[in-house]
Amino acid sequence: MPAVSKGDGMRGLAVFISDIRNCKSKEAEIKRINKELANIRSKFKGDKALDGYSKKKYVCKLLFIFLLGHDIDFGHMEAVNLLSSNKYTEKQIGYLFISVLVNSNSELIRLINNAIKNDLASRNPTFMCLALHCIANVGSREMGEAFAADIPRILVAGDSMDSVKQSAALCLLRLYKASPDLVPMGEWTARVVHLLNDQHMGVVTAAVSLITCLCKKNPDDFKTCISLAVSRLSRIVSSASTDLQDYTYYFVPAPWLSVKLLRLLQCYPPPEDAAVKGRLVECLETVLNKAQEPPKSKKVQHSNAKNAILFETISLIIHYDSEPNLLVRACNQLGQFLQHRETNLRYLALESMCTLASSEFSHEAVKTHIDTVINALKTERDVSVRQRAADLLYAMCDRSNAKQIVSEMLRYLETADYAIREEIVLKVAILAEKYAVDYSWYVDTILNLIRIAGDYVSEEVWYRVLQIVTNRDDVQGYAAKTVFEALQAPACHENMVKVGGYILGEFGNLIAGDPRSSPPVQFSLLHSKFHLCSVATRALLLSTYIKFINLFPETKATIQGVLRAGSQLRNADVELQQRAVEYLTLSSVASTDVLATVLEEMPPFPERESSILAKLKRKKGPGAASALDDSRRDTSNNDINGGVEPTPSTVSTPSPSADLLGLRAAPPPAAPSVPVGGNLLVDVFSDGPTAQPSLGPTPEEAFLSELEPPAPESPMALLADPAPAADPGPEDIGPPIPEADELLNKFVCKNSGVLFENQLLQIGVKSEFRQNLGRMYLFYGNKTSVQFQSFSPTVVHPGDLQAQLVVQTKRVAAQVDGGAQVQQVLNIECLRDFLTPPLLSVRFRYGGTAQSLTLKLPVTINKFFQPTEMAAQDFFQRWKQLSLPLQEAQKIFKANHPMDAEVTKAKLLGFGSALLDNVDPNPENFVGAGIIQTKALQVGCLLRLEPNAQAQMYRLTLRTSKEPVSRHLCELLAQQF
C-alpha cells in the first residue's frame, strides 16, 4: 500500500473532529454539525471547481457525521467522482464512503460499477484491491451479477499479484455466500485448487476458505484438493516455528491455515490413495505428539493456538472413524483435558468425547474415563460443563455400566439445575429401558424418577412404563406391588398417582392376596389421593374404580357410594360428572358377563419407535442427532428390550391441534382385535368407537361427550357401530323453508333449544364448542302415533362451505316409531372463517306420503369464539391497531326488544365474547373481546355496543383482522337486539 504523504493529513477534518469532541451538549454538537453541513453544501454547489484534496476532506467529514448517527442526503456524487482519481488516498476515501453509505438501490450504482470495472481492468494492484474490497463490502446481488464472471478470471490469472489473488478469493467467497447461483462453475475451478500450492501463505489461506465453501455444494469439482491440502498440511506440521516466521503465532506455525486445512479435509471421506492417506495419518500423529510436548511459551495465546489445531485434528479423526489407533490416542488426549484447570478445555473435551463414544473403535477407551466424568457431573461449577458431562455419560452407556450411570444420574438429578432436569429425565428413562436386563430394575428406576423429579417427567415417560408393564406378564405383579408401596408415601407426586391408578386398575388383582394390599386397602389408598389431584388424574382414578368393580366385586358397594356422592354427580367439571354418571349406571345395570367384557384387561400394545428418544432429539436440536444415535456401535443392542415402543392408543394425550373428534378420519393403526362386546362401554356411554375404555384421557379428548343422550330403549341396540351418513349435494335438496333465517337467529346466542316444530316433527338441538371443534346433538321426535318410514336427515354444504367447515354425521335409524325420539350426533370442525351455515335436509315418509324440509343448521362463525380477557390499556392498543376501514363494521339500529342491561349482557356472553369491565369510559356501554378459532388461522375480534335508552337505539362497532368476519359478526349480533 502506498505511503500517505504528510500533506494528506487533512487538518480541516482534524479541527472539525476536535470541535465535535469539545461540545458540551447535544445541542451544541448538532449546531456545529449543521454549520459544517451548510458549509460543505455551499462548497459542493459553488461555481468554483473543487480539487481532489478538498473533495476528499469534505467527503470524510460527511462520513464522520454519518457515523455519529446523522442522516446524509448529499455528497454521494462527489464520492463517486473520487473513484476516478489517480491518487490512492482520494480513491480510498471514495470507496470507503460508498461501502458505508451507498445502498444497492441507489441511482448511482451504475456509475459505481463502471468505476469498479475500470479499476479492475487497470492492472494496478492497489486499485484492484480497493475495487475488490468494495464489492465484498457491499455484496449486493447487482454487484454480483456485474462482476461474478470477472473475479474468478482475476483469481487464476498468472500475472495477478499475491495481494490481488487474496482479495479476489475473499471477494468471490463473499459473493458466493450472498448469491450462490451467481458464481459460475467453470474451468477456473480446477485452477483455483492449485492455489493451495502457492508460495504466498495469505493466498493459500484465502483459497482454502473459498474452496471449503464451494466444495460443500460441488464436492466432485474440488476433489483434487485433498492431496494438495494434505501436502500443504504436512509441510506446516513438520516445519519449525522459525521456518514460517511471518505466519508463526506464539511459536505455532500458521495455526489459522492449519485449522482451515483440517476443516477442508472434513468435507471428504478418507483419501483413497494409500500414499496420501499415509502422509495424512503421519500428520495427525505428529499433531498428537506435539500436544504431549512441554509448551514453548507460558502465554495463553500459545496454548490457544496449539489446542485449536489439536481439537480440529481430533474432529478429523472422529470424522474418518477408520483409524483405531488414532481414535484411542485422541480419546486419551481428551482424557487429559477432563481435569484441566481451564473450563473451556474441559467443555471441549467432554463434547468431543461424546462423539468418540459413538465409534466402535474408541467406545471402550472412552469408558475408562467414567469416574472422571461422574466427578465432573458432581463438582463442576459451570452448568454447561455439567450438561456436557451428562451427555457423555449417556453416550458411553452400555449394558456393562448402565446401572452405575443411571444410578449416578438419578443421584445428580436431586440437585441438578432446573434447565437440564427434563433432559436428564429423558436420558435416564431411555437408558433404563434400553439396557434393562431385569425389568424390575426398570420399574424401580422410573418410579424413582417420578419421586425425585416428578414435575419434569413428561407424559411420554410414564406412558412408556405403562406400555412396557402391560406388554410383559413377568413384571406386572412386581410393578403393582412396587407402585402400591410408592403410593403409601405421605407426599406423592401426581404422576405417581397416574401410574399407580393405571397399574392397580389393570393388575391390582395380582397383589390382592396379601392382606396388606387387599382390594379395600388398594381402593382406600388411591381414593385418599383423589381430592389432591387435577381433573385429568381424577378422571383416570374414576376409570380405575370401575375397573376395581370388575376385579374386586366386594368393593362394588363402596365404589358406587363414591360415584353416587353429590360431589361427583354434580361436579362442576363435566368430564368428571359424566364419568361418575356413566360408571354408576354401568355398574348398576350391566350383568357380570357384560361388565367383564367391557372392563377386560388391556391387550398388549403394538410396537413402534420410541417417542422418548424422539423427544430427546427434538430437545437437543438437529445438530445433536449424532451424539444421540449410537447406531455405529453396539449394533447387537439396537433392539434390546424392545427398541421400539407400543402405540399409546389408550393413554396418549393429543396436542391441541390433534383430531379430538375423529373429524380427519384417517384410519388408525391396526390394533389387536377385541370381542364385539368390548365396544359396549363406548357405544353406550360415548359417541366415538374405540378399542377399550381409556383410563386417562384429558378433557380435550372427550370434551363434548358429557352431553347426555336420551336413554336407549335397549342397551343391545347400541352395540352396532354407527356409520357416517351420505352427504347429498345442494342440487338434491329443496330450498330452506321461509322461516329458516328466523330459526337460525334464535341460536346465535344459545346452544340448545327447539330448532323446528310442526304437527308431525319436532327437532331439538344441544351443542357445545371448544376452540375450532364442536359437537352437536339433534333430537328428532315423532309427534304422531304413526311410524316414520325411510327417515333420513343429512347435512349439506352449499357453495364453498366444504373447504371452510367439516360436518361429520352419524346415521340414524330409518324408522321412527310414533311418539319416539331418535338422536343424531354431528362432529364439527371449523377449517377457516365462513359466512353461510350448512343446511339440514330431513326426508321421511308419513302414511305413505313423502315429507321433506330443509333448515339452516345453527352453526355460525361466532360459535368458535374463544373469550379473551384484557386490560383497558391492551384493549385500546389493539383497537387502534385494527383501525383500517375494512377491518371495522358498524351498524346503528333501532331496538327490537326491551332494552334490559342484564339481558344484553347475557346475549353478549352467549355470543361468545368476554365482557370487559371498566374499559369504556361510559359505564352504560358494553365492551367485549374474543378470538375466532379456526384450523387455518385465528381472527381477533373486539366489539363495542352503545345503547341509547332515550332514543331506543343501539350503535354496534366490531373490529377484526378480516373484513368479511367483521361485517358478518356485526349482522349476526345486531339481529339479537
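Valine 203 counts as buried, with a relative accessibility of 2%; buried means under 20% relative accessible area, exposed means over 50%, and partly exposed lies in between, using a 1.4 Å probe and protein chains only. You will find valine 203 in helix α12. Here helices (H or I, at least four residues) and strands (E, at least two) are DSSP runs, numbered from the N terminus. The contacts of valine 203, leaving out residues up to four places away in sequence, are Asp162, Lys165, Gln166, Leu195 and Asp198, where contact means heavy atoms within 4.5 Å.

Before going on, please note that this is a predicted model, in which local features need pLDDT of at least 70 and side-chain atom pairs count only at pLDDT 80 or more, while totals for chains, interfaces and linings use all residues. Residues are numbered from 1 along each chain as its sequence is written, and side-chain values use heavy atoms, with hydrogens and water left out.

**The whole chain**

The chain holds 40 helices and 18 strands. Of its 977 residues, 50% count as buried. Among contacts with a separation of 6 or more, 71% join residues 24 or more positions apart.

**The cores**

In soluble globular proteins, nonpolar side chains tend to be buried together. In this model, the largest nonpolar core has 194 residues, and Ile116, Val192, Leu449 and Ile503 have the most contacts inside it. A nonpolar core is a set of buried Ala, Val, Leu, Ile, Met, Phe, Trp, Tyr and Cys residues joined through side-chain atoms within 4.5 Å. Helix α12 (residues 201-215) gives the most to this core, with 11 residues. A second, separate core has 61 residues, including Phe769, Ala889, Phe926 and Ile932.

Which residues does valine 192 touch? Not counting residues up to four places away in sequence, they are Leu155, Val156, Leu210, Ile211 and Phe222.

**Two helices side by side**

Helix α13 (residues 225-237) packs against helix α15 (residues 274-292) at an angle of about 35 degrees, and their axes are 9 Å apart. The axes are lines fitted to C-alpha atoms, for helices over the stretch in contact, and angles run from 0 to 180 degrees between N-to-C directions. Among the α13 residues that meet α15 are Val230, Leu233 and Val237, and their partners in α15 include Leu280, Cys283 and Val287.

Arginine 174 is found in helix α10 (residues 162-178). Is arginine 174 buried, exposed or partly exposed? Its relative accessible area is 33%, so arginine 174 is partly exposed. Apart from neighbours within four places in sequence, arginine 174 is in contact with Ala136, Asn137, Val138 and Gly139.

| Pair | Apart in sequence | Apart in space, C-alpha to C-alpha |
|---|---|---|
| Valine 203 and serine 167 | 36 residues | 8.5 Å |
| Arginine 174 and asparagine 137 | 37 residues | 8.4 Å |

**Two loop residues with positive phi**

Glutamine 771 is not a glycine, yet has a positive phi of about 55 degrees. This glutamine sits in the loop between β6 (761-770) and β7 (773-782), and counts as partly exposed at 33% relative accessibility. Asparagine 918, also not a glycine, has a positive phi of about 55 degrees. Where is asparagine 918 placed? The loop between β15 (914-915) and β16 (926-933) holds asparagine 918, which counts as exposed at 75% relative accessibility.
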